[in-house]
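The report below looks at one strand residue and its surroundings, and then at charged side-chain pairs.

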Amino acid sequence: MESGAATGPGGGRFPFPYTPYLIQERFMAALYSALEAGRVGIFESPTGTGKSLSLICGALSWLRDFEEKKRQEEARLLALEDSGQERGERPAAAEPGHPGSGGAAGEPGWVTAFVQKKEERDMVDRLKEEQIRRKKREDRLEKIRHNVQLKYATKRKRSEEDETKRLLQLSKEVISEGDGVDVLEQLDHNEEELILAEYESDDEKKVVSGLEDDDDDLEEEHVTKIYYCSRTHSQLSQFVREVQKSPFGKDTRLVSLGSRQNLCVNEEVRRLGALQLINDRCMEMQKNKHEKKSDEEMEGKRRRASRTVCPFYSYEQMQFLCDEVLVEVKDIEQLVALGRETKACPYYGSRYAIPAAQLVVLPYQMLLHEPTRSAAGIKLKDQVVIIDEAHNLIDTITCIHSAEVSGSQLCCAHSQLLQYMERYRKRLKAKNLMYIKQILYLLERFVAMLGGNVNQNPGCQAVSQTGTVLKSINDFLFQSQIDNINLFKVRRYCEKSLISRKLFGFVERYGGPATAVKTNKENQKLAGFQNFLLTLKQGSDKEGTPQSLPLEAENDQLRTASPLMQIEGFLSALTNANQDGRVIINRQGTVGQSSLKFLLLNPAVYFAKVVEECRAVIIAGGTMQPVADFREQLLSCAGVDPARVVEFSCGHVIPPENILPIILCSGPSNQQLEFTYQKRDLPQMMDETGRILCNLCNVVPGGVVCFFPSYEYEKQVYAHWEKTGLLTRLATKKKIFQEPKKASQVEQVLVEYAKCIKHCSQAGRQMTGALLLSVVGGKMSEGINFSDDLGRCVIMVGMPYPNIKSPELQEKMTWLDKTMPRAAGQAPSRVLIENLCMKAVNQSIGRAIRHQKDFASILLLDHRYARPAVFNKLPQWIRERTQVKPAFGSAFAELRKFHRGKVDAL
């Protein structure tokens with residue numbers, strides 16, 4: 001590594017806002033090395049050790065040094081060129097090498113030399129162009145940074161333009177009112193936007209229309225940058241705030257990317273609620289903008305009624321927003337506020353800023369899903385990617401690329417699309433009709449695979465053979481008789497024609513208020529659609545009755561008024577390679593309740609593209625153990641050379657005496673603790689768990705968090721304790737809270753829990769705090785911090801193994817056993833089950849220690865945790881301090897001593 005980097009306050013080479021911990025310095029040094037060497041790194045740094053700042057300062061230090069080296073190299077090459085020109089062109093043969101010797105393919109030496117010289121000249125020309133572009137960009141941003149008057153002048157000009165537009169619109173309205181346009185004719189015009197435009201080509205080449213015209217604006221050369229992604233927008237905003245506080249906050253060009261749902265400032269579009277609807281409406285508005293000009297140029301033809309265009313989609317305004325974004329670091333909320341103020345679209349404005357940005361902050365999905373990545377203008381070639389909070393990375397990639405549709409959605413989409421085709425048959429071009437018929441046929445065959453008939457109400461069709469069947473993609477395509485349809489072309493047609501958006505508009509127009517998209521809590525059924533079907537029947541010359549629309553009570557989960565949007569995702573999933581996924585046919589009660597699900601088995605096929613293109617990839621998290629999953633299922637399967645993979649794991653910043661992890665093998669009455677499916681329901685096992693909690697609540701101050709393997713088991717244990725009176729005994733020492741199943745209620749329970757602990761901490765109170773009964777994998781096992789008094793003891797009841805009877809898991813296990821080598825004599829499926837269990841445990845027990853002065857005890861209730869294969873999968877900083885206690889007596893004495901000592905020291 002270079003020694004010319006800036007010296008931080010801690011005496012290190014990394015600028016840092018305060019003196020870093022030793023583990024932070026090591027983390028940054030390891031990160032710098034990995035980026036410099038172009039590695040794929042798995043980095044673990046427990047929560048509370050300042051991981052975000054270490055990532056920021058380590059990665060941006062490397063980027064700063066990289067840019068400096070690149071500038072020096074450019075200057076050297078340009079200086080060589082200049083000195084060469086002053087002395088006159090040097091003969092190419094004088095270059096280092098073997099003058100006069102033949103080239104690789106036997107060409108004469110002068111040919112090789114000429115080619116080499118031309119390449120050098122081209123490179124120098126490229127460097128000069130890049131230098132000019134960079135200078136222009138830096139000058140422009142500098143001017144904006146320091147010239148406040150320029151900002152106000154631009155804003156004033158924009159408000160004047162807005163006023164002119166408004167007056168122009170008013171005068172147009174007055175003129176149109178005077179014309180006395182026939183109302184019926186106007187309605188017909190309004191309906192134009194529901195009709196599919198002519199579909200010109202289904203070639204796989206790029207179609208130059210709509211949005212893609214704008215891609216030229218994004219063709220600015222991409223500088224070397226770091227893409228940082230995390231799971232949620234709140235985590236990303238927190239990261240951006242850390243960047244703002246860091247020494248790099250003032251001079252880093254950072255852009256935050258998000259979905260339209262998070263960034264759209266057009267209230268009319270935001271009101272649609274569902275992401276797919278917002279996406280489609282936005283794209284349609286841009287299409288309208290592009291078609292507007294050609295409509296106005298049509299001579300001798302009746303012009304279409306004016307179509308809605310987005311007032312925020314203006315190149316000049318978005319360019320201004322783009323510059324503002326690059327001048328000063330902003331998070332999503334600040335970006336949206338700026339968009340509203342400048343009347344510019346933050347979604348596209350932030351996209352324009354990508355090429356020049358040094359740090360791009362974005363959610364997982366945007367980076368890991370290739371179509372989303374390319375639509376956003378993200379180019380990964382030779383760039384750095386950091387994936388934070390990556391403990392669930394494999395599951396995330398699997399979920400992004402899996403899809404499920406219900407029988408109700410399939411029948412509903414078929415009914416809607418058929419009515420749409422009947423109404424506009426005479427207006428649709430042949431190619432549109434061909435594709436609509438193909439989609440109708442696909443829907444018909446999918447419903448047949450569920451054992452139903454698409455022309456009957458799915459809620460009334462009982463399924464004769466219930467159960468779950470798994471099929472390979474090819475088997476599913478053959479058995480459903482759709483193997484003769486090119487799904488790639490159908491998928492492309494759906495994307496380009498915006499058919500689901502047109503269908504939604506159609507349903508919205510004729511289905512009455514009940515069809516509009518509402519929140520999950522509101523009525524989402526398409527009841528009004530029945531009347532619409534009748535109106536179509538009356539206006540139709542065709543014989544036969546229209547289908548009754550089959551959406552009754554069972555389909556409360558319907559997310560949009562056009563289920564075709566959901567079905568497009570399923571069609572897209574079926575284009576995966578046969579070996580990489582399975583189709584799960586789940587037949588339940590009625591056809592409406594049944595479903596088709598695509599399950600991705602090999603997430604590595606999607607991750608491979610990321611690691612192939614990038615210069616370096618860093619997978620980071622607070623708890624990455626066990627890392628075997630990442631190495632084998634993700635990196636090895638993605639074709640990453642094992643020599644390119646580097647691992648880094650650091651300890652915690654807390655002193656060893658501040659944590660007491662214990663594996664407890666038996667309870668107070670010497671009952672061995674083994675919470676297997678066979679034994680955990682035994683009354684004596686539930687009684688023993690209750691006795692352990694009663695004893696602990698007597699000696700542990702503040703909050704105790706107890707994790708159960710599932711909601712069902714937690715409910716069962718709670719009911720048993722209530723019956724035996726144990727709950728009453730517990731309640732004398734700690735107020736008992738239960739984790740709610742509904743996400744909306746979690747915040748309220750946590751507030752009450754914290755309030756109770758604070759109230760009980762006042763001297764002289766009999767109650768010593770609160771007990772929170774939580775669930776592994778629930779809302780409280782991830783992302784919620786039980787720091788200080790909120791979590792003085794974390795208890796894990798049993799081992800939360802996943803349900804191995806799940807068809808999805810069984811298929812994954814079979815696939816792993818077929819494709820992976822055995823590890824240390826164990827079948828890959830067995831390793832998967834153990835790793836899933838331990839990942840969940842590690843996430844849950846890491847909730848308690850959140851900073852350097854925090855302290856807590858951790859109790860693992862099950863003798864199986866002491867087995868070496870399981871024990872070694874605990875995080876290193878916990879494993880090093882863990883005690884295995886065969887009997888309860890010595891464990892209880894240790895816990896009492898630990899907590900008394902800590903309370904006395906406070």
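N586 has its place in strand β8, which covers residues 581-587; helices (H or I, at least four residues) and strands (E, at least two) are DSSP runs numbered from the N terminus. This is a predicted model, in which local features need pLDDT of at least 70 and side-chain atom pairs count only at pLDDT 80 or more, while totals for chains, interfaces and linings use all residues. Residues are numbered from 1 along each chain as its sequence is written, and side-chain values use heavy atoms, with hydrogens and water left out.

Leaving aside residues up to four places away in sequence, N586 touches L450, G467, T468, S594 and S595, where contact means heavy atoms within 4.5 Å.

## Salt bridges

Across the whole structure, a search finds 24 salt bridges, each a side-chain nitrogen of Lys or Arg within 4 Å of a carboxyl oxygen of Asp or Glu. R582 is buried at a relative accessible area of 15%, and E811 is buried at 17%; buried means under 20% relative accessible area, exposed over 50%, and partly exposed in between (1.4 Å probe, protein chains only).

E370 and K609 also meet in a salt bridge, at 3.0 Å from N to O. Because E370 lies in helix α14 (residues 370-375) and K609 in helix α23 (residues 604-613), the pair ties together parts 239 residues apart in sequence.
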